[in-house]
Amino acid sequence: VEDDSVVLLGDNSLQLQEAAANIFIELLEVAIHTILCVREVYPAAIFERCLKYGVPVHKARHPDVQAYIVSVLKAVKPWMTKGQAKTIAVHILDGRSHPVERFVFDVDPASLASTRHDIDVEAALRGLLIKLNACDSLLSPTPKGCSFAVYVLAKPECEQPLSQDMTMPWVQATPLELSMTPTQGTPQPAQPPLAHPLRTIDLGLFQLAVHVEESKSQKLQSTPGASLPIVLLPPTLRFCSHALD
């Protein structure tokens, strides 16, 4: 009987981890589309209006943008299911590929003993989407010609990516590309990024804290240029095992 109980507990644990990963990936997909629209990374004309969790949101219609986001989510999910990554960051990059904003999603998995079943998950997610839709009021305008990249903060012991999706190769992030402070020799003095908490929610299976950081210095240095209709980085997913700067 003891052996059967252990097996059942293990199966239940795997099922809960899979369920938590599914909820997070679904939310992340909506969040990325919302961020790209609200922060005007791409022209408003490529987005269509739809409802998610009862909240009006926007989804990119451009096939390349859709395919890119789907590939990102497919690559991220195994890390989240195995608990080998706890933070996902969506970086908004200026025309020189310097990060000017960073939307950070910190996941804190719940233990089996503390997992709650009295949570209105949809209401919690609805509140987060409302905050994302209104984040413009907290942030300065983004420079023209922006792009974006997704970063995964892996646990130190996680050395090799789990994804077998060869269309989305993994690249070790460098400290320079993660830094939101100006590089040496720039005219503006270094300023630490400003952090704006957006929402902390308890989803029963895990807790999620979301905040956005913006680099005032980088935005001051960015020179407006012609708006590019679609700017996609090469299909890679960045990962790192050290804290975001």
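Guide: Start with burial: buried means under 20% relative accessible area, exposed means over 50%, and partly exposed lies in between (1.4 Å probe, protein chains only). This is a predicted model, where local features need pLDDT of at least 70, side-chain atom pairs count only at pLDDT 80 or more, and totals for chains, interfaces and linings use all residues. Residues are numbered from 1 along each chain as its sequence is written, and side-chain values use heavy atoms, with hydrogens and water left out.

Visitor: Why is Arg-102 called buried?

Guide: Its relative accessible area is 1%. The cut-off is under 20%, so Arg-102 counts as buried.

Visitor: What makes Glu-213 and Arg-102 a salt bridge?

Guide: A salt bridge needs a side-chain nitrogen of Lys or Arg within 4 Å of a carboxyl oxygen of Asp or Glu. Here the N to O distance is 2.8 Å, so the pair qualifies. Glu-213 is buried too, with a relative accessible area of 14%.

Visitor: Why is this pair said to tie parts of the chain together?

Guide: Glu-213 lies in strand 8 (residues 206-214) and Arg-102 in strand 4, so the pair ties together parts that are 111 residues apart in sequence. Helices (H or I, at least four residues) and strands (E, at least two) are DSSP runs, numbered from the N terminus.

Visitor: Which residues do salt bridges with shared partners join into one network?

Guide: Arg-39, Glu-101 and Asp-136. A search of the whole structure finds eight salt bridges.

Visitor: How do you know that Glu-18 and Lys-77 form a salt bridge?

Guide: Their side chains meet at 3.4 Å, N to O. The limit is 4 Å, so the pair passes. Glu-18 sits in helix 1 and Lys-77 in helix 2 (residues 63-82), 59 residues apart.

Visitor: Why is Glu-18 called partly exposed?

Guide: Its relative accessible area is 33%.

Visitor: What makes Thr-142 buried, and where is it found?

Guide: Its relative accessibility is 14%, and the cut-off is under 20%, so Thr-142 counts as buried. Thr-142 is found in the loop between helix 3 (121-133) and strand 5 (147-154).

Visitor: What does the side chain of Thr-142 reach?

Guide: The backbone oxygen of Arg-39, at 2.9 Å. Thr-142 is also in contact (heavy atoms within 4.5 Å) with Glu-40, Ile-92 and Glu-101, among residues beyond four places in sequence.

Visitor: What makes a set of residues a nonpolar core?

Guide: Its members are buried Ala, Val, Leu, Ile, Met, Phe, Trp, Tyr and Cys residues, joined through side-chain atoms within 4.5 Å. The largest here has 58 residues, and Phe-24 and Leu-208 are among those with the most contacts inside it. Its largest share, 14 residues, comes from helix 1 (residues 2-38). Apart from it lies another core, of seven residues, including Ala-89 and Val-104.

Visitor: What does Phe-24 touch?

Guide: Leaving out residues up to four places away in sequence, Phe-24 touches Met-80, Ile-88, Phe-105, Val-107, Phe-206 and Leu-208.

Terms used:
Polar contact = N/O pair within 3.5 Å; in protein donor to acceptor, adjacent residues only side chain to side chain.
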